[in-house]
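Subject: Structure handover

Hello,

Here is the structure I promised to pass on.

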Amino acid sequence: MISDDPSVIRPALVDLPKNFLTGKTLPLKYRKQQLNNLLRGLKELEPKFHAALQKDLNANEMMSYMLSTCLTIEDIKHTLAHIDQWNKPKSVDTPLVIGPGRSYIQPEPYGVALVIGAWNYPVATLVPYLATAIAAGNCCIVKPSEVSAHTSNVIAELVEKYLDKECYRCIEGQVEVAKAITKEKFDLIVFTGSTEKGKLVAKAAAENLIPCVLELGGKSPTIVDRDANLDNAAMRIVQGRMINCGQTC
């Protein structure tokens with residue numbers, strides 16, 4: 001269902017840096033419009049997401065809603081509610097040696113960000129980070145996991161149909177595309193996945209001095225003390241351990 005052709009990367013990396021430099025993504029009005037478009041797309045494509053997640057992860061509609069679409073929609077709503085505050089200049093003290101004057105920190109976008117999602121939460125580990133990149137004023141390329149191929153197809157439809165193609169793209173691909181895209185000169189890489197793959201992404205990014213945000217697989221330790229209701233504790237532990245086929249950390 002998904003080809004593995006690295007040549008699809010180059011056209012996007014020619015267009016997006018050039019379009020970023022026009023300043024198109026800087027106005028908050030534009031960013032909010034794109035975030036609202038993303039919300040609308042998620043809601044309109046929700047049945048397709050449910051069907052894709054059932055094929056990829058055997059998730060029923062309730063689990064698909066709870067662990068994917070609902071989480072993502074609420075995350076984007078949170079971003080919209082705070083975007084003005086997050087982008088305000090923040091006053092800081094002015095050192096005596098460079099006074100008199102005023103000093104402040106002005107948030108600025110990096111440029112073109114790359115967001116790579118994980119197969120086990122293919123929506124929730126990708127679309128919220130796309131929304132954050134939009135809110136920060138970046139252009140963005142997303143690379144969904146090829147392991148969740150049906151969901152990857154719907155994410156591609158979401159980006160292509162509802163977002164501005166001049167600033168946001170979805171690149172689908174398998175191993176060769178994944179390896180090639182992390183070697184490109186992005187301004188920021190956001191990766192969610194295993195520790196093993198995270199090391200490879202960080203190594204590739206380091207070759208180009210690209211900052212990375214890595215959210216890598218972990219564990220969920222549980223403490224059961226002597227006052228616990230063991231039946232209730234056991235039920236909760238098993239529920240947490242088995243949810244999403246055990247693919248939750």
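The notes below cover a central strand, the pocket, the cavity and the cysteines.

This is a predicted model, so local features need pLDDT of at least 70, side-chain atom pairs count only at pLDDT 80 or more, and totals for chains, interfaces and linings use all residues. Residues are numbered from 1 along each chain as its sequence is written, and side-chain values use heavy atoms, with hydrogens and water left out.

Strand β6

Start with β6, residues 188-193. Helices (H or I, at least four residues) and strands (E, at least two) are DSSP runs, numbered from the N terminus. In β6, 6 of the 6 residues are buried, so the strand is largely enclosed by the rest of the structure. Buried means under 20% relative accessible area, exposed over 50%, and partly exposed in between (1.4 Å probe, protein chains only). Both faces are covered. Leu188, Val190 and Thr192 are buried on one side. Ile189, Phe191 and Gly193 are buried on the other.

β6 has parallel partners in β3 (residues 112-116) and β7 (residues 212-216). Strands pair if DSSP finds at least two bridges between them. β3 and β6 are joined by 4 bridges, and Ala113 has Leu188 as its bridge partner. β6 and β7 pair over 5 bridges. There, Ile189 partners Cys212, and Val190 stands opposite Val213.

β6, helix α8 (residues 195-207) and β7 form a right-handed β-α-β unit. Right-handed means that, with the strands pointing away from the viewer, the path from the first strand over the helix to the second runs clockwise.

The largest pocket has a volume of about 1,200 Å³. Its lining has 42 residues, and those closest to its centre are Ala118, Trp119, Thr192, Gly193 and Ser194. On a 1 Å grid over the protein atoms alone, a pocket is an open set of points with protein on both sides within 12 Å along at least five of seven lines; a cavity is a set where a 1.4 Å probe fits but cannot get out; lining residues have an atom within 4 Å of a point. Points are joined across faces, edges and corners, and a volume is the space filled by probe spheres set on them.

α7 (175-181), β6, α8, β7 and α9 (230-242) each supply at least two lining residues to the pocket. α8 gives the most, with 5. The lining divides into 16 nonpolar, 17 polar and 9 charged residues. Here Ala, Val, Leu, Ile, Met, Phe, Trp, Tyr, Cys and Pro count as nonpolar, Asp, Glu, Lys and Arg as charged, and the others, Gly among them, as polar.

Cavity

There is 1 cavity of 30 Å³ or more. The largest cavity holds about 60 Å³ of space. Its lining includes Leu53, Met63, Asn120, Tyr121 and Asn244. α3 (46-57) and α4 (61-86) each supply at least two lining residues, and α4 gives the most, with 4. The lining has 6 nonpolar, 4 polar and no charged residues.

Cysteines

A search of the whole structure finds 0 disulfides, a disulfide being a pair of cysteine sulfur atoms within 2.5 Å. The sulfur of Cys212 is 14 Å from the closest cysteine sulfur, in Cys140, too far for a bond. Cys212 is partly exposed, at 30% relative accessibility. Cys70 is partly exposed too, with a relative accessible area of 21%.

Best wishes
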